[in-house]
Amino acid sequence: MKPTKTASLDEIRAMKARGETRPTRSDAPEIDLPDGFWEDAIPQEPKTKQPVTLRVDPDIIEFFKSQGPKGHLTRMHSVLRAYVDAQRKARS
């Protein structure tokens with residue numbers, strides 16, 4: 001796994017000047033975090049996903065694809081994640 005990269009504000013500004021960063025999406029929500037929000041943050045290792053082959057009814061695929069030109073598999077994963085989390089919560 002790759003280590004988390006860190007950069008100072010000056011390094012980020014230099015990256016921006018070189019065109020190495022992407023602008024914030026125009027529809028991105030603004031979030032006002034309280035002072036000290038990141039002070040107790042603990043970095044988490046990302047979970048690795050397993051590739052699978054899944055046979056799905058055509059109308060299900062079309063439903064997820066109709067919600068946007070990209071990301072239908074990510075949306076399907078989100079639905080499965082919500083279901084698993086709800087089932088685990090119900091059992092505990």
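Predicted model: local features only at pLDDT ≥ 70, side-chain atom pairs only at ≥ 80, totals over all residues.
R25 forms a salt bridge with D27, and the closest N and O atoms of the two are 2.8 Å apart. Side chains of opposite charge can pair when their charged atoms come close. Colour both residues by accessibility: R25 and D27 are both exposed.

**Further salt bridges**

How many salt bridges does the structure hold? There are three salt bridges in the structure. For another, select R18 and E20, whose side chains meet in a salt bridge with an N to O distance of 2.8 Å. R18 has a relative accessibility of 53% and therefore counts as exposed, because exposed means over 50%. E20 has a relative accessible area of 46% and is partly exposed.

Are D85 and R81 buried, partly exposed or exposed? D85 is partly exposed, with a relative accessible area of 38%, and R81 also counts as partly exposed, at 32% relative accessibility.

**The largest pocket**

The largest pocket has a volume of about 540 Å³. Among the 14 residues that line the largest pocket, V52, L54, L73, H77 and L80 are the closest to its centre; select these five to find the place. Which helix gives the largest share of the lining of the largest pocket? Helix 3 does, with six residues.

To place L33, follow the chain through the loop between helix 1 (9-17) and helix 2 (58-65), where L33 lies. L33 is partly exposed, with a relative accessible area of 35%.

F37 counts as partly exposed, at 42% relative accessibility. W38, in contrast, is exposed, with a relative accessible area of 62%.

**Aromatic pairs**

A pair of aromatic rings is described by the distance of the centres and the angle of the planes. How many aromatic pairs are counted? The count comes to two aromatic pairs. In one of them, the ring centres of F37 and W38 are 4.9 Å apart and the planes stand at 90 degrees, so the pair is edge-to-face. The cut-off behind this reasoning is that planes over 60 degrees apart count as edge-to-face.

For the other pair, select F63 and F64. Their ring centres lie 5.3 Å apart and their planes are at 85 degrees, so this pair is edge-to-face. Colour the two residues by accessibility to finish the tour. Which of these residues is buried, and which is partly exposed? F63 is partly exposed, with a relative accessible area of 47%. F64 counts as buried at 10% relative accessibility, because buried means under 20%.

Technical notes
Residues numbered from 1 in each chain as written. Heavy atoms only, no water. Helix = DSSP H or I, 4+ residues; strand = E, 2+ residues; numbered from the N terminus. Buried < 20%, exposed > 50% of the residue type's maximum accessible area, 1.4 Å probe, protein only. Phe/Tyr/Trp six-rings, centres within 6.5 Å; stacked < 30°, edge-to-face > 60°. 1 Å grid on protein atoms, 1.4 Å probe; cavity = no way out; pocket = protein on both sides within 12 Å on 5 of 7 lines; lining within 4 Å. Points joined across faces, edges and corners; volume = space filled by probe spheres on them. Salt bridge = Lys/Arg side-chain N within 4 Å of Asp/Glu carboxyl O.
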